[in-house]
Amino acid sequence: MPIQLLSPSLVNKIAAGEVIERPASVVKELMENAVDAGATRIDVSVRQGGLEMVRVVDNGGGIPAEELPLALAAHATSKITDADDLFRIGTLGFRGEALASIGEISRLVLRSRTPESPGGAEIEAGGGVLSAVAPCGCPVGTAVEVHNLFFNTPVRRKFLRTSTTEFGHISEAFIRIALAVPQVHFTLRHNDKPIFELAANDGWLERIALCFGRELADNLIWVESIEDEVTLSGYAAHPGQSRSHNRMQYFFLNGRHIRDRALQHALGEAYRGLLMVGRFPIAFLAMKMPPELVDVNVHPTKLEVRFQDSGRLYSQLLGTLRGKFLTTNLNTRIQAAAPSDDDPATGHDVAQATQLRQQLVDWAKGKVASWGAARPSGEAPAAGPTFGTGTAESRVPLELRPLQNPSPLPQAEERPGVRAAESSPNASSPVSARSPSALQIHNRYLVTETDEGVTIIDQHALHERILYEQLRQRVAAGAIETQTLLVPEPVDLGPAERAAALEHRDLLAELGVKVEPFGGQTLLVAAYPAMLANISPVEILRALLERILADVKQPDRRDLLDDLLHTIACKAAIKAGDRLAPAEIASLLEQRHLCDDAHHCPHGRPTALVFTREELDKQFKRV
Ligand code: ADP
Ligand code: MG
């Protein structure tokens, strides 16, 4: 094929591919244009996650009627004129690509009126073809309405997700800009329902509260520093507030939201030792610096930028946060927030594993005589194995004691699915009457003798499996018992979470979680599964929503239901680290045989390891 120039339409389509990835990109570009136009109020409205319609209306400076076709032309912009301008960019846009790109791959209507003009004018674009400019009535400012996005680029359309997911991206894009310019009034509606109403604000805190809830806003620490020409200011969340992902780390540079790996890394470093493994800090940080110290023209959507001296910025951020944390009392709340997060997958280390192996070997060698018979529930130190090794010198005389739980752990009966073998033990009855048939070690594993050899069970994984099976059966039979809350519990949610909760209301109800809309970002949990009595309804709802939103592909209803059952089972199950009463151990082992697949937890990790007698014999060179 000979070399030929591409048609402008094809060029625009290619550019559109870079700039407009999904409906949220349209929202971002149109909102940025409105901010650049000096608007003090910007209203965003979308239908079906923006797949059907996106509309952005502003009260900014408008576009003169005669410039309307230019606004829709590629590489046409009012924001820069020469190459030098590229190095002192003060606007969000400057590439002159967005409107042309959107007009190429949708049906777009642009209406605008400048303050000087007695009336408005409109122009339409459909698949890159422009209509004539026609007069129309409209207030000062600009309104852009985009329908049928990607109608002529089927491949792109195919990559789009559910309307919930797309709306999640849209609210994220919306929030990024709304956070960047708190002095502008923003609203967002989805399918005609108001999602956000953010009044103009001087400070950041109120806007953060409206976007992410009061609880987070109340747990933010103000930080600021000035080094030479670089100002850093904003909020870092108390370590008690953290997330399992790093999406709540907002960086703004000269009024533009940016993503920067180095800065994220500095943030992580500043929190080192304050957060559990796998948790990420939350922060809202704004940087201001002369525009010539940064190149914003390195990324088509300008999400990434290049700093002249990123090393200095890194140390400024790290130093500012560390300094602040050193002079702030963080302790009390860290402790309050830490424990619920124990993850059995990451919780144990090599030393522990070695120790465990040694204990097993000891046991197998006969050093530990009998360990199943009488294990008082509360005596062993939390970290040590509960072997009845010695007799005389050991701290627990083999005196039979009533079941009691000295730790703040829930009582046996409260744990869903682990019903104590006998629910109200008589204080004088010997424990050995229903002796646990396994030994709990490290408050994490159960070691039990079987006909073939020895089985080591992961207590969390097994319980999770049992609960999952029980739940699945009950949900299939439509027989999940719910508990109606006397006082419905309010939950502050992010916009995407809230939308997902309402969209999947039926599914949640099927699982026994009943939610109802309340004002603003708040939902009410009215009822939840009775078997989850010891977990807060808010926590369970958040976990379920996180799960729903994590689904990138269009989830099959059954798959999703199954995922949610896993989530509930995982939350409700005893944790690694929970000390079990003998009756609980007995009950766990008993139910183990009831499961269809007791060998794997719902995540697919093994629930048990088996050492056969032959294997042990071989290891000890008996054969
Ligand atoms: P860029 O923002 O990079 O300049 P766009 O394609 O987004 O490119 O917009 C092209 C031009 O149209 C802008 O430079 C601006 O002059 C004008 N424009 C677009 N949207 C608006 C708006 N909401 N209000 C006023 N002018 C606008
Ligand atoms: Mg623009």
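1. Contact here means heavy atoms within 4.5 Å. Axes are lines fitted to C-alpha atoms, for helices over the stretch in contact, and angles run from 0 to 180 degrees between N-to-C directions. Helices (H or I, at least four residues) and strands (E, at least two) are DSSP runs, numbered from the N terminus.

2. The model is predicted: local features need pLDDT of at least 70 and side-chain atom pairs count only at pLDDT 80 or more, whereas totals for chains, interfaces and linings use all residues. Residues are numbered from 1 along each chain as its sequence is written, chains are lettered from A and ligands numbered from 1 in the order in which they are written, and side-chain values use heavy atoms, with hydrogens and water left out.

3. An open sheet of three strands is arranged in the order β22-β24-β23, with antiparallel pairing; two strands pair if DSSP finds at least two bridges between them.

4. Glu489 stands opposite Val525 in β24.

5. Two helices may be considered with this sheet. Helix α14 (residues 495-503) lies across β23 and β24 and runs at about 45 degrees to β24. Helix α16 (residues 537-550) lies across β22, β23 and β24, at about 70 degrees to β22.

6. The second largest pocket has a volume of about 700 Å³. A pocket is an open set of points on a 1 Å grid over the protein atoms alone, where a 1.4 Å probe fits, with protein on both sides within 12 Å along at least five of seven lines; lining residues have an atom within 4 Å of a point. Grid points are joined across faces, edges and corners, and the volume is the space filled by probe spheres set on the points.

7. Its lining comprises 32 residues, with Asn33, Ile63, Ser78, Lys79 and Leu99 nearest the centre of the second largest pocket. Elements giving two or more residues to this lining include α3 (68-71) and β7 (141-147), while α2 gives the most, with five residues.

8. Asp295 lies in strand β17 (residues 294-295). Leaving aside residues up to four places away in sequence, Asp295 touches Val305 and Arg306. The C-alpha atoms of Asp295 and Gln308, 13 residues apart along the chain, are separated by 7.7 Å.
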